[in-house]
Amino acid sequence: LNYAVPLVYKWKDPVKGELYRPFAILPPVVANFDEETQLFSEQKERTISITVKAMTEGVQTQLNLKSPAGWVLSKPSFELIFTKKGEEQKVKFTLKPTANAELGDLTATLSVLDNHYNQALKTIEYDHIPTQVYLPEAKAQLVYVSLKKKGTRIGYLAGAGDVIPEALTGVGYSVDQLAETDITPENLKQYDAVILGIRAVNVNDRIDFLMPKLLKYCENGGNLLLQYNTAHRLKTENFAPYPLKLSRDRVTEEDAVVTFLKPDHPVLNIPNKLTMNDFDGWVQERGLYFPNEWDSNYEAILSWHDQGEDAKEGSLLVAKYGKGYYVYTGISFFRELPAGVPGAYRLLVNIISLGNE
């Protein structure tokens, strides 16, 4: 009778007691890029960091880097020596796009004797599930997009969590994460735009007290952008200057055909002229929880739909409010920006640029 059991490693923790984890066979060295998406909007060099870790003792390796066509590496290879298992060395170099820089991956290969390894080490570790180790390819996505910007400073009020502030910082904006004490008329004056993170109206218990101040900022000439929220469990009903109703409308096909309802609107033209090509290469979806009813003060900019469904026109609503602009959008910027989608960056930059001529 043959009976298979998983091979596990057992140890004792002074607090948690006896613990187990799967036994993992790993390469002698691994390489993890500090940032796995690098988006450049200017032809300027940037410092890139990669951490190389020895998984055994006494390793000598050569790190070789390869970039797509049109990218200039300051140094393509490095010699590294490790004496201890678990030892790490951080390698830094500069990278610069040219005008013809191609979209692609910056890859890392580690040579040990006659063997070559190109793996990163990722660990999923939570108390309620078994620890899992996986080894994806050691690479960082490189994106160069010609990007014009109006406005430089953004205030960001976090919602349920996204990495849009980091993405905007990567293309040259100065982004401040706002606390409740920062939301005062005097302080908000310094921002060219104020953006609310995804589902901020669902998860911020103080949003009912903050929205009047944010809307006043908008009325006084600010640019206020709200990203998607769900209609269920809103913490306030007063998140917009004019009536709009949230729904469950979404477009899940990332290649759904887009129609420009207002082709001459500034949000599609200034400072970046958008075309249908800007909606190529999107990931996972177009957007979610669009409004399906709105006041006539809003202008609907885009229309799209999944196959076999009616057109959804509430994904991007723009309204002039007082001296400023109010924008509500269900477009999935929180998915597209981390994925390095150039068109999504260009569209969001145009939204931020409203009123900042």
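Of the contacts in the protein chain (contact meaning heavy atoms within 4.5 Å) with a separation of 6 or more, 70% are between residues 24 or more positions apart. The model is a predicted one, in which local features need pLDDT of at least 70 and side-chain atom pairs count only at pLDDT 80 or more, whereas totals for chains, interfaces and linings use all residues. Residues are numbered from 1 along each chain as its sequence is written, and side-chain values use heavy atoms, with hydrogens and water left out. The protein chain has six helices and 25 strands, these being DSSP runs numbered from the N terminus, with H or I over at least four residues for helices and E over at least two for strands. The C-alpha trace spans about 70 × 50 × 50 Å along its principal axes, and 46% of the 357 residues are buried, where buried stands for under 20% relative accessible area, exposed for over 50% and partly exposed for values in between, computed with a 1.4 Å probe on protein chains only.

Seven strands form an open sheet of mixed pairing, in the order β16-β15-β17-β18-β25-β24-β22; two strands are taken to pair if DSSP finds at least two bridges between them. Because β16 (174-177) and β22 (298-300) stand at the edges, each with a single partner strand, one side of each is left without a neighbour in the sheet. From one strand to the next the twist averages 20°, with axes taken as lines fitted to C-alpha atoms, for helices over the stretch in contact, and angles running from 0 to 180 degrees between N-to-C directions.

Within this sheet, strand β15 (residues 153-157) runs parallel to strand β17 (residues 193-196), to which four bridges join it, and β15 also pairs with β16 in the parallel sense over four bridges. Glycine 155 stands opposite valine 194 in β17, while its bridge partner in β16 is aspartate 176. Four of the five residues of β15 are buried, so this strand is largely enclosed by the rest of the structure.

Helix α6 (residues 342-353) packs on the sheet, touching β15, β17, β18 (223-226), β24 (316-321) and β25 (324-329), and its direction makes about 140° with that of β18. The helix has twelve residues and reaches 17 Å from its first C-alpha to its last, close to the 16 Å expected at 1.5 Å a residue, the expected span being 1.5 Å times one less than the number of residues. Eleven of the twelve residues of α6 are buried, among them Tyr345, Arg346 and Asn350. The helix is followed by glycine 355, whose phi is positive, near 80°.

A nonpolar core is a set of buried Ala, Val, Leu, Ile, Met, Phe, Trp, Tyr and Cys residues joined through side-chain atoms within 4.5 Å. The largest such core has 49 residues, and those with the most contacts inside it are Leu168, Leu302, Trp304, Leu316, Phe333, Leu337 and Leu347. Elements that each supply at least two residues of this core include β15, α1 (164-170), β21 (287-294) and α5 (333-336), and α6 gives the most, with seven residues. Leucine 337 is in contact with Ile164, Ala167, Leu168, Ala344, Tyr345 and Leu348, leaving aside its neighbours within four places in sequence. A second, separate core of 30 residues includes Leu196, Ile207, Cys218 and Phe239.

Asparagine 202, in helix α3 (residues 200-203), counts as buried at 6% relative accessibility. Its side chain reaches the backbone nitrogen of threonine 230 at 2.9 Å, and a polar atom of that side chain lies 3.2 Å from the backbone oxygen of histidine 232.

Tyrosine 20 lies in strand β2 (residues 17-22) and, at 47% relative accessibility, counts as partly exposed. A polar contact of 2.7 Å joins the side chains of tyrosine 20 and glutamate 18; a polar contact is a pair of N or O atoms within 3.5 Å, of which, within protein, one must be able to donate a hydrogen and the other to accept it, and residues adjacent in sequence count only if both atoms are side-chain atoms. The C-alpha atoms of tyrosine 20 and threonine 131 are separated by 8.7 Å, although these residues are 111 residues apart along the chain.
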